[in-house]
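The sequence and coordinates come first.

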Amino acid sequence: MIKVKNICKHFETTNGKELLFNNLSFEVPNGQFLSILGPNGCGKSTLFNLITGVDSNYAGKIIINSNSNPIHKSVSYMLQNDLLLPWLPVIDNIIIGGTIQGMSKAELIEKSNYYLNLLKIEHLKNKYPTNLSGGERQKVALIRTIILGTEILLLDEPFSAIDYNTRLELQATIYKYAEENNTTVILVSHDIDEAIAVSDRIIILGAKPNGIILDISIELEIKNRNPVTARQHSEFAKYFKTVWENYPR
Amino acid sequence: MKQFKTYCLTSLPLIVFLLIWEFLVSPIGKNTFLFSKPSLILKSLKENTINLILPYDFLITGLETLLGFLLGNLIGILLGFGLWYSTKLAEISRPYIIAIGSVPVFALAPITIIWFGTGIFAKVMLATISTFTIALIQAYTGAKNADKNQIKLLKTFGANKNQIFFKIIIPSSLTWVLSSLKLNVSFALLGAFIGEFISAENGLGFRMIKASSLYNTSLLFSALLYFLILSFIFNYAINILEKKVLFWKEKSN
């Protein structure tokens with residue numbers, strides 16, 4: 001469960017302080033897949049920095065699972081840029097977060113091997129990141145994120161720079177993973193299709209400091225829902241129309 | 001075959017230069033006294049190598065350079081990385097670092113000789129002073145230029161400052177550190193040379209000054225050749241170190 005309560009956040013510009021969030025509030029229940037859409041500069045990535053504790057300079061309150069654990073034990077974060085460390089082979093890049101958190105190396109490697117096989121990149125585990133394609137790098141970054149097994153995943157436009165097929169494959173992997181593990185996911189995206197295909201709910205943030213301008217549930221009744229079958233659902237176009245009409249331009 | 005061709009082409013300008021030198025200087029006797037010529041240099045090189053004068057000087061200068069190089073780089077790199085730990089300390093020490101870096105090593109040579117004597121230690125100190133500032137600035141710049149997003153990522157994993165230092169700062173600064181090592185080969189040689197220039201009884205710098213005062217240009221060039229060999233050895237060692245340390249760049253290629 002994530003509770004974002006009355007967040008006010010300013011940032012410094014050459015013209016002085018500018019208000020980014022003005023009393024922003026929303027809640028994400030356990031196991032929900034929430035997508036946040038919005039124009040550039042509306043503060044989507046900043047919001048993640050606040051949730052992960054990387055930026056603590058704000059007013060208001062963010063509560064994560066009653067704040068019983070250190071934030072990093074509950075939340076893992078995946079960015080648009082894969083941020084693989086070029087001096088480490090793929091396998092070490094994958095387990096770096098877990099080793100920092102003191103998890104067992106053997107267990108981390110076992111889990112890595114499972115996901116490397118699942119995403120069909122097992123043969124790359126001893127390669128160095130610069131030998132990998134953009135899609136492969138993003139797959140590695142995804143494994144690095146989900147291997148931590150946290151209850152909350154924050155995904156900051158992780159699919160924007162990769163080819164369509166790989167994008168669908170990664171969306172499907174994350175969707176399945178979240179469903180199986182009852183993981184709470186917040187996905188920041190510019191892609192309306194993507195958001196509708198994977199989410200239970202969509203929030204649109206307006207240009208600063210307007211806050212939330214749309215908050216809708218996505219209810220697509222499909223057996224074995226995945227990003228491809230979701231796109232084929234008869235309701236998909238209806239949701240697209242609603243989101244598109246409210247999307248700030 | 002292609003490599004052999006490249007070697008030939010690389011050597012060609014040197015061979016042409018040596019031939020011109022040899023045959024232009026020869027007919028006029030006075031010029032030989034001032035400029036020497038390749039055949040005379042070769043003779044001097046052979047004599048002074050067989051009687052072990054130049055090899056001994058080579059070892060002395062090599063030892064001074066090596067110790068100064070290691071000490072200067074070690075202190076500089078450690079301090080440079082240390083400054084990353086404390087932004088306040090970095091701000092306070094900035095003017096002092098600039099001041100130390102802007103003093104020519106030649107200006108420090110007399111006081112170094114007074115403090116550390118005329119033995120090998122004074123030359124080591126001069127080589128240390130010559131290399132220290134560059135190592136410090138490069139290590140600090142490398143640490144400061146580490147990818148902010150990589151650091152942010154590690155913070156989201158709950159990494160503390162030490163973990164960030166060892167997992168991000170050190171590996172990402174190595175390119176900067178290695179380029180400082182390359183630059184510092186010349187500076188360490190210069191420091192040792194200046195020390196020998198001011199006061200010494202052995203070493204290639206001393207030999208060159210002595211040869212110069214006796215107008216023994218052939219010996220001067222012979223010592224210079226040994227100096228070049230020393231520089232090549234250091235650069236070669238740094239290149240090997242670079243390949244070992246930045247192995248991931250090689251693997252990437």
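The model is predicted: local features need pLDDT of at least 70, side-chain atom pairs count only at pLDDT 80 or more, and totals for chains, interfaces and linings use all residues. Residues are numbered from 1 along each chain as its sequence is written, while chains are lettered from A and ligands numbered from 1 in the order in which they are written.

**Chain B**

Chain B has 12 helices and zero strands, where helices (H or I, at least four residues) and strands (E, at least two) are DSSP runs numbered from the N terminus. The C-alpha trace of chain B spans about 75 × 55 × 25 Å along its principal axes. Its radius of gyration is 23 Å, whereas a compact globule of 253 residues would have a value near 18 Å; the radius is taken over C-alpha atoms, and the globule rule is 2.2 Å times the number of residues to the power 0.38. Of the 253 residues in chain B, 36% count as buried, that is, with 20 or more other C-beta atoms within 10 Å of their own, C-beta atoms being placed from the backbone. Contacts (C-beta atoms, placed from the backbone, within 7 Å) between chain B residues at least 6 apart in sequence join residues at least 24 apart in 77% of cases.

**Contact between the chains**

On chain B, 16 residues are in contact with 18 residues of chain A. The elements giving two or more residues to this side of chain B are α8 (148–156), α9 (161–198) and α12 (247–252). α8(B) gives the most, with seven residues.

**Strands of chain A**

| Strand pair | Sense | Bridges | One bridge |
|---|---|---|---|
| β1(A) and β2(A) (residues 16–28) | antiparallel | nine bridges | A:Ile2 with A:Val28 |
| β1(A) and β4(A) (residues 59–64) | antiparallel | five bridges | A:Val4 with A:Ile62 |

A hairpin joins β1(A) to β2(A) through two residues.

**Nonpolar core**

A nonpolar core is a set of buried Ala, Val, Leu, Ile, Met, Phe, Trp, Tyr and Cys residues joined through C-beta atoms within 7 Å. The largest one has 116 residues, and those with the most contacts inside it are A:Ile143, A:Leu154, A:Val185 and B:Ala223. Leaving aside neighbours within four places in sequence, A:Leu154 is in contact with A:Phe48, A:Ile51, A:Thr52, A:Val75, A:Tyr77 and A:Ile186.

Conventions
A residue is buried if 20 or more other C-beta atoms lie within 10 Å of its own, exposed if 12 or fewer, and partly exposed in between; C-beta atoms are placed from the backbone. Two residues are in contact if their C-beta atoms, placed from the backbone, lie within 7 Å. Two strands pair if DSSP finds at least two bridges between them.
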